[in-house]
Amino acid sequence: MTGTTYSHAPGFVAGDRPQIVTARFEYEDSYTLERAIATDGYAGLRAALSRSATEVHDEVKAATVLGRGGAGFPAGTKWGLTPAGVWPRYLVVNGDESEPGTYKDRLLMERDPHQLIEGCLIACYAAGLSQCFLYIRGEMALAQERVAAALNEAYAAGYVGRNILGSDFSLDIVLHWGAGAYVVGEETALIESLEGNRGMPRLKPPFFPAAIGLYGKPTIVNNVETMANLPWLMRNGSAAYTAIGSATSPGTRMVAVSGHVKRPGVYEIINGTTTFRDLLYGEEFCGGIRDNNELKAFVPGGGSAPWFLPDQLDLPFEGRLIGAAGSMAGSGAVMVMDDTTDIPNAALTLTRFYAHESCGKCTPCREGGTWLMRILDRVVAGQGTQRDLDQLLEVGGTICPGDFPHASSERLGLAAVPFPYKMTTICFVGPSAYTPVHSALTLFRDEFEAKLVKRTFIPVTAVSVSETEAAL
Amino acid sequence: MSRLTEDNVRVAHEIISRYPRPRSATIPLLHLAQQQDGYVTNDAIRHIGELVGATSAEVLGTATFYEMFKFEPVGKYLVNICRTMSCALMGGEELMHHAEHRLGIKAGSTTPDGMFTLEHAECQAACTEAPTLQVNYRYRFRVTPETFDALIDDLAAGRLDSEIPAHGTVARIRQHIPAERGVGAVPPEDATNAPSWMTVAEAPK
C-alpha cells in the first residue's frame, strides 16, 4: 500500500493528494508555534488583515467552504445570517467531536492547533465576531493541552489578543472544555452547555444561533475542520480552493474509515469526486476488506447515517449525491462491515449509543430510543419474536413518521428513499437511534428473523380443578 | 468534603474572568473541583455556585448531566473501554470481558484497593485504532489482552505516573491570558457597538 503513516499521528495516513488541512502533520512538532511559523503559519491571517472584513467574507463565500460538522451548510453564507446591526456577535467553535466513527477534529486540534487558531481569527475578522470560544470535548485531554499551549504561545507572540499584528483587530479566543455528552455536539446544546447549563438542544425556531445564540446574541457555530480550511484559503484564494474537488463540494475533506478494512485510517480526500470504492479498495487508502472478505455493508457518514450496500460503492463522497442515494455525508466517517458481521448486533452497538446519549428533552427520543435498544437487545439475545421486529418499526415511526431514507438494493429489488426524514424531536439524536435499526431491518431482515425465538407452545391439558384435587 | 482551596479559587477567578457571564465557567470549575478532590463534593458544588452566582441546585443540575463528573470517590485510574460500533466490530466487547476478569470487577465498579474503576465508554474518536480505551482520558490504541495486562501492571507499579495523572486531572496545561495582551470579556449588554475593525457600515436587511 502506498499511503504514508506517521508514528506521531496514529491513525492518519498521508498520500499523494492535495493537503489543505493536514500539510503540517508530517512534522513531529507540528503543534508548536515554531513549526507553524516555519511553514506559512499565520500567513493566511496576514493576508486577511491586509484586506477589509467584507472582502475576506466574500472570498470565503466565493470558495463555498461547506461546513464539515455534519449538515454541510456553506460557512460564508452562515456568517451572513446574523441580523444587521446587532452586536456583540460570538464565534463558538465546535470541537465536541463524538459522532460514532468520526475523528478528524481531534487530530486537527492535537496536530495543528495553530492552524485552528488562525482559522478562528480569520472567521472573527471577516464576520465581526467579538469573542471566540473553542469548545473541546471533555475526554480529549491531549487536544486540550495542545490547544491551551498553542493559545498561550499565540497570545505571547501577538497573534491573539489586543491589536493583533499591530492592526485594530482585537480578539480573545477562550478555550472551553466539556465533560462528556454527545448531544452537546448539536449547536444549540453546545451553546446551552457554554452558558453553564445542562446540554439540551433549544427549539428552532426561534433559537437559530445566528440570530439568538450565546447569551441571546447572534452566534456563529462552526466545526473545527471548517475553521482549519480558512488559512489555506486566505493564502491561496478561492479560485485555487474551488479548483480542487467538485463544483458542489470544493476542496478536500477529512474522512475516517474504520472497521473491517485492511488499513483503517483518517485520510484527507479530494472532496466530491473520491468514490467509496476508491476509499475502501484503493491502494493509497484502505487497500480492501480485511482477510479479503466480502463487503457486507457500510455506514457512509457517521453513526447517524443510513447504511449503504456494495451497490453504492461507486458513489463519490459528495453530500447531495449521497443524500439522493438515501444517506448523508455527515461528519465524514465510514464504518465498514465485512461478511462475518452479525448485523443485528452491529445495529445494537449504535442504537445503544444514541439511547445512552439522549438528553431526555423530547419524549420520542428519551422513551423511543430506550425501547429500540431494549427490543433490539432482546432480539440479539435470541429472545425476540416477530412482534418485536414489527414493534421496532412502529417505535421508529413515532420518532420519524413517514418514509425513512434507505439505500437501493438490487438483491432486494429496493429503490432508494432519499434523505432527509421527518422527525418529531428537536435534534437528530432520536432519529439517529432509529437509523441503524431501520437500515439493518430493511436491508438484512433475514438475519433478524434467524435470531427470533422458536416458540414451541406447551399444550394446556384439560384437567379440571376437581380432578386434580381428587388425584391428590 | 471540601471547598476549593485558596490556590484553586485564584484559578477559578481567572477562568471566570474570561467569560461575558460567570455561569459559563460552571463546567470548567467543576473540573477544577474534581481535579482537587478526585470527585465533585457537595461542598465544592456549593462553593462553585457562590463563585458563578448560581444556586447549588443549578450547579448540581448541570454537573449531573455530564458523564465525566463523579459524585463519589472512584479509583485512581478510570479505565474506559469503548463499545460503540467500530470498536465493537474489532473486539471491544471481548476486551471488556478480559478486563473484567483481569481486574476481578464488573464494568461500573472499583477494585477494593481503590486503584481501578472500570467503565464502558461510548465512541472515543479513535475509531481506526479499535479497540480503544482511555485511562484517565489518555488513549491506548489497538488494545489486546496482553497489552491490557501490561498496562494494568505498569499503572499498578507507578511506571506511568509521568504520563497519566490521577483521576480528576484532565489537561495539565491551562490557558493563561496575559493581562497586557487580553481584550477582556465584556457582558453582552455592554458591547452593543460594532467591533472597531468593522469599518464598513452594514446596510439594514
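Visitor: Which residue stands opposite Leu175(A) in β5(A)?

Guide: In this predicted model, Leu134(A) is the residue opposite Leu175(A). The chain gets from β4(A) to β5(A) by way of helix α7 (residues 141–156) of chain A, in a right-handed β-α-β crossover.

Visitor: What makes β4(A) and β5(A) a pair of strands?

Guide: Pairing needs at least two bridges, and 6 bridges join β4 (residues 131–136) to β5(A). The two strands therefore count as paired, and they run parallel.

Visitor: Why is strand β5 of chain A described as largely enclosed?

Guide: A residue is buried when its relative accessible area is under 20%. In β5 (residues 172–177), 6 of the 6 residues are buried, so the rest of the structure largely encloses this strand.

Visitor: Which residues cover each face of β5(A)?

Guide: On one side are Asp172(A), Val174(A) and His176(A), and on the other are Ile173(A), Leu175(A) and Trp177(A), all buried. In a regular strand, side chains alternate between the two faces of the sheet.

Visitor: Now to the two chains. Why is the link between Glu145(A) and Arg138(B) called a salt bridge?

Guide: The closest N and O atoms of Glu145(A) and Arg138(B) are 2.9 Å apart. The limit is 4 Å, so this pair qualifies. Across the interface of chain B and chain A, the rule finds 2 salt bridges.

Visitor: What area is buried between chain B and chain A?

Guide: About 6600 Å², with carbon and sulfur atoms giving 57% of that. On the chain B side, Met85(B), Arg181(B) and Trp197(B) lose the most area to chain A. The contact takes 71 residues from chain B and 99 residues from chain A.

Technical notes. Residues numbered from 1 in each chain as written. Chains lettered and ligands numbered in written order. Predicted model: local features only at pLDDT ≥ 70, side-chain atom pairs only at ≥ 80, totals over all residues. Heavy atoms only, no water. Buried < 20%, exposed > 50% of the residue type's maximum accessible area, 1.4 Å probe, protein only. Helix = DSSP H or I, 4+ residues; strand = E, 2+ residues; numbered from the N terminus. Right-handed = clockwise from strand over helix to strand, strands pointing away. Contact = heavy atoms within 4.5 Å. Buried area = accessible area lost by both parts, 1.4 Å probe. Salt bridge = Lys/Arg side-chain N within 4 Å of Asp/Glu carboxyl O.
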